[in-house]
Amino acid sequence: MEHYSILVVEDNPDDQILTMRALRNASPDSTIILKEDGQAALDFLFGNDASPRSAQLDSLGVILLDFKLPKVTGLEVLRRIRSCPDTDWLPVVMVTSSDEPQELREAYRLGANSFVTKQIDYSKFSEQMTVLARYWLTVNKVPMVGASRSL
């Protein structure tokens, strides 16, 4: 069985800790990559003047992307992901504390694969992250690692 990594883009330190703990419990063999703002996520995915895109991109199974991020918003990160043939296939789950219908609509309009409102209770949040990790990393199929993903 192949093990895919998870890119978590989350700026809240408490949510980072809870998310990382829940994901490690749900998928102990998966690498979890944490980025704390939208610009760091874009640099990881696309590179920048100082460094190329991350080689870990080839093993991504899912991106958990917070909606409200510093520097570059989650929606703008999603827009960039969907506009590039190297990343437009990546599963993206928008994760937010908000329950605003217009945010939900916009995320799906831009190509989100899923939209999840964070549970406040830790045990419910942990269960939510467990379900997400198990589905996206063990049930869902993504293109083979190292294979050409552009058609």
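Tutor: Let's start where Leu-75, Leu-78 and Arg-79 of helix α3 meet Glu-106, Ala-107 and Arg-109 of helix α4, a contact being heavy atoms within 4.5 Å. Helices (H or I, at least four residues) and strands (E, at least two) are DSSP runs numbered from the N terminus. This is a predicted model, in which local features need pLDDT of at least 70 and side-chain atom pairs count only at pLDDT 80 or more, while totals for chains, interfaces and linings use all residues. Residues are numbered from 1 along each chain as its sequence is written, and side-chain values use heavy atoms, leaving out hydrogens and water.

Helix α3 spans residues 74-83 and α4 residues 101-109; their axes lie 10 Å apart, at an angle of about 15 degrees. Axes are lines fitted to C-alpha atoms, for helices over the stretch in contact, with angles from 0 to 180 degrees between N-to-C directions. The two helices are therefore roughly parallel (under 35 degrees; over 145 is roughly antiparallel, 65 to 115 roughly perpendicular, the rest oblique). Their crossing is left-handed, meaning that the near helix is turned anticlockwise from the far one by less than a right angle, with clockwise giving a right-handed crossing.

Helix α3 also packs with α2 (residues 38-46), at an angle of about 15 degrees and with the axes 9 Å apart. That makes α2 roughly parallel to α3. On the α2 side, the contact is made by Gly-38, Ala-41, Leu-42, Leu-45 and Phe-46, and on the α3 side by Val-77, Arg-80 and Ile-81. The crossing of α2 and α3 is right-handed.

Now look at the loop between β3 and α3, where Thr-73 lies. A polar atom of the Thr-73 side chain is 3.1 Å from the backbone nitrogen of Glu-76. At 41% relative accessibility, Thr-73 counts as partly exposed, between buried (under 20%) and exposed (over 50%), with a 1.4 Å probe and protein chains only. From Thr-73 to Leu-34, the C-alpha to C-alpha distance is 16 Å, across 39 residues of sequence.

For another view of burial, turn to helix α1. Its buried residues are Asp-15, Gln-16, Thr-19, Met-20, Ala-22, Leu-23 and Ala-26, and their cover includes β1 (5-9), β2 (32-35), β3 (60-66) and α5 (122-139). In strand β4 (residues 92-96) sits Thr-96, which counts as buried at 3% relative accessibility.

Key
A polar contact is a pair of N or O atoms within 3.5 Å; within protein, one must be able to donate a hydrogen and the other to accept it, and residues adjacent in sequence count only if both atoms are side-chain atoms.
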